[in-house]
Amino acid sequence: MIRAILVEGDGTASHGDVSLVERWRKSTDSYLWLDLQGEPQARERELLEAFDCHPLAIDDAHRDRHPPKIEEFEGHTLIIYRGIGSFDAELNFVPQRVAFFVGERFLLSLHPDTALSLDRLYGAEGERLLRRSPEHVALRAMYLSAGFYLDSLLQFENQLSDLEDGLVEGGDDALMRLLIGYRSRLVKMRRVFNYHVGITQELTAYDYAHLPRDVDETLHAINDVHERFERLHSLTQMYYDICGDLIDGYISLSSHQLNITMRLLTVITAIFVPLTFLAGIYGMNFAHMPELGYRYGYFVLLGVMLAIAVGLIWLFRRIRWL
């Protein structure tokens, strides 16, 4: 699917498809946003080459697992970032590779599937931003994408609170598996946000021809995107640490319960060892055992065994093992 927004020099906006490119070329004071969703790579390359995009930039944009980056070329600036296809409070998310070619009077966006942030922008807000400049559309799309991540992460905070309460009440293996799954997803998200923080740091630190820092509005937009991605990175790091603490807490509780069980077994063993020893002695079949001839020997032995058992129980209760 190809869709486009053209803003004329007088502020008039038109929506359409690739046919708006010719109108844009004839007007030297107009801005064009051309969005390409799920188009064949051959078709995308043809359109990008028509805008004099660098071949290396096109190759980077078409690479499936290319990490987020920003790179400046002679006629445009390439921004590759991870947008969002879907996300929920369980941290199940589908990342969306989005590439922006930001030129002086044009913005080309490429993504294989639906990008929520671009869908939200394609309308009145996109027209308003495009009237300022193409880079404002790109920066706003990144800002909205970070907002989707942020909303879901804040919802996950409630889920994390419930997990903490469940651990206090008594965790189980299902809780442990859930925490490990969350921690794994947070690692992946933290890696993505770390890349994005790096992009926005470059934007704030270096002058890019098509994203000028000397324009106050552009600089404010860059700072907003940077602060949002920085917050996302810090949140994922904090939630990762909390999940790690909960896992450690669960392991500590399990170890404590195991220690209690082992201590009880040790007490039982310590009580029955001397009793078993005495039973073993008098269970031997020797012919000459003086106690065997004593009339009350059986009852004396039972009394001694009872005294030993009671004494050991008293001792263990005194040292608070029971």
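Mentor: Start with one term. A residue is buried when its relative accessible area is under 20%. Threonine 77 has a relative accessible area of 0%, so threonine 77 is buried. Keep in mind that this is a predicted model.

Trainee: Where is threonine 77 found?

Mentor: Threonine 77 sits in strand S5.

Trainee: And what is threonine 77 in contact with?

Mentor: Leave aside the neighbours within four places in sequence. Then the contacts of threonine 77 include Ile70, Glu71 and Glu72. Phe100, Phe101 and Val102 are also among them.

Trainee: How far is phenylalanine 101 from aspartate 165?

Mentor: In sequence, 64 residues separate phenylalanine 101 and aspartate 165. In space they are 48 Å apart, C-alpha to C-alpha.

Trainee: Let's zoom out. How many helices and strands does the protein have?

Mentor: Nine helices and seven strands.

Trainee: Is the whole thing compact or spread out?

Mentor: More spread out than a compact globule, because the radius of gyration is 35 Å. The globule rule gives 20 Å for 322 residues, and the protein is well over that. The C-alpha atoms fill a box of roughly 125 × 35 × 30 Å along the principal axes.

Trainee: How much of the protein counts as buried?

Mentor: Of the 322 residues, 42% count as buried. The accessible surface comes to about 17300 Å². Carbon and sulfur atoms account for 54% of that surface.

Trainee: What about charges?

Mentor: There are 31 positive and 45 negative side chains. The centres of the two sets lie 8 Å apart.

Trainee: Back inside. Which residues have the most contacts in the largest nonpolar core?

Mentor: Phe100 and Leu153, in a core of 56 residues. Among the elements that give two or more residues to this core are strand S1 (2–7), strand S6 (93–102), helix H7 (173–205) and helix H8 (216–281). H6 gives the largest share, 14 residues.

Trainee: What does leucine 153 touch?

Mentor: Skip its neighbours within four places in sequence. The contacts of leucine 153 then include Leu91, Leu186, Met189 and Phe193. Leu232, Leu235, Thr236 and Tyr239 are among them as well. There is also a second, separate core of 24 residues, which includes Leu32, Ile58, Ala61 and Ala99.

Trainee: New topic. Where is tryptophan 24, and why does it count as buried?

Mentor: Tryptophan 24 is in helix H1 (residues 20–26). It counts as buried because its relative accessibility is 6%. Not counting residues up to four places away in sequence, tryptophan 24 touches residues including Leu6, Leu32, Phe51 and Arg105.

Trainee: Then where is phenylalanine 51?

Mentor: Phenylalanine 51 is in the loop between helix H2 (41–50) and helix H3 (55–62). At 8% relative accessibility, phenylalanine 51 counts as buried. Its contacts beyond four places in sequence include Val21, Trp24, Arg25 and Leu34.

Trainee: Is aspartate 52 buried or exposed?

Mentor: Exposed, with a relative accessible area of 64%. Aspartate 52 also lies in the loop between H2 and H3.

Trainee: What is phi of aspartate 52?

Mentor: Phi of aspartate 52 is near 60°, a positive value in a residue other than glycine. Most residues other than glycine have a negative phi.

Trainee: One last stop. Is glutamate 44 buried or exposed?

Mentor: Buried, with a relative accessible area of 6%. Glutamate 44 is in helix H2. Not counting residues up to four places away in sequence, glutamate 44 touches Leu36, Glu39, His62 and Leu110.

Trainee: How far is glutamate 44 from isoleucine 58?

Mentor: Their C-alpha atoms are separated by 8.8 Å, with the two residues 14 apart along the chain.

Definitions and conventions: Residues are numbered from 1 along each chain as its sequence is written. This is a predicted model: local features need pLDDT of at least 70, side-chain atom pairs count only at pLDDT 80 or more; totals for chains, interfaces and linings use all residues. Side-chain values use heavy atoms; hydrogens and water are left out. Helices (H or I, at least four residues) and strands (E, at least two) are DSSP runs, numbered from the N terminus. The radius of gyration is taken over C-alpha atoms; the globule rule is 2.2 Å times the number of residues to the power 0.38. Buried means under 20% relative accessible area, exposed over 50%, partly exposed in between (1.4 Å probe, protein chains only). Accessible areas come from the Shrake-Rupley method with a 1.4 Å probe; for residues, only the protein chains shown count as cover. Lys and Arg count as positive and Asp and Glu as negative; His and the chain ends are not counted. The place of a charge is taken as NZ of Lys, CZ of Arg, CG of Asp or CD of Glu. Contact means heavy atoms within 4.5 Å. A nonpolar core is a set of buried Ala, Val, Leu, Ile, Met, Phe, Trp, Tyr and Cys residues joined through side-chain atoms within 4.5 Å.
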